[in-house]
Amino acid sequence: MSTQGVCSVVRGGRVTVKVVTGCDGFNIPKLAEAFREMPPVTAQEAYDAAEACGVGCEDCLVVMTDHETRFDGDEETLSPLYREKFTDPHFNPRW
């Protein structure tokens, strides 16, 4: 099943982690619960949590923090909107 999804971790009123996927977005609620139980610190930890929850695939899973991006594809192919709209927890740059 192919569904897009976005999951943002907001702390102190600012986005600290954002996960965007082009498939398996129906698993976002599982990821959100995992973040509540063990908030990720790095993009890699958030990426690992997304994989463990069955969110996305290597071609579409993008995990960002304010300083780093974790994506198995070519980062140059990502729209600038990923970074420009990072601080908007509801914005999905895949739309």
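**Exercise 1. Identify the residues with the most contacts inside the largest nonpolar core, and the elements that supply this core.**

Solution. The largest nonpolar core has 17 residues, and those with the most contacts inside it are Cys-7, Val-19, Leu-31, Phe-35, Val-55, Leu-61 and Val-63. A nonpolar core is a set of buried Ala, Val, Leu, Ile, Met, Phe, Trp, Tyr and Cys residues joined through side-chain atoms within 4.5 Å; buried means under 20% relative accessible area, with a 1.4 Å probe and protein chains only. Next, two or more residues each come from strand 1 (5–11), strand 2, helix 1 and helix 2 (43–52). Helix 2 gives the most, with five residues. Helices (H or I, at least four residues) and strands (E, at least two) are DSSP runs, numbered from the N terminus. Finally, another core of eight residues lies apart from this one and includes Val-20, Val-62, Phe-71 and Phe-86.

The model is predicted: local features need pLDDT of at least 70, side-chain atom pairs count only at pLDDT 80 or more, and totals for chains, interfaces and linings use all residues. Residues are numbered from 1 along each chain as its sequence is written, and side-chain values use heavy atoms, with hydrogens and water left out.

**Exercise 2. Determine whether Cys-23 is buried or exposed, and locate it in the chain.**

Solution. Cys-23 is found in the loop between strand 2 (14–21) and helix 1 (28–37). Because its relative accessibility is 15%, Cys-23 counts as buried. Its C-alpha atom is separated by 18 Å from that of Asp-74, 51 residues apart along the chain.

**Exercise 3. State the order of helices and strands.**

Solution. The chain has three helices and four strands. Along the sequence they follow the pattern β-β-α-α-β-β-α.

Definitions and conventions
Buried < 20%, exposed > 50% of the residue type's maximum accessible area, 1.4 Å probe, protein only.
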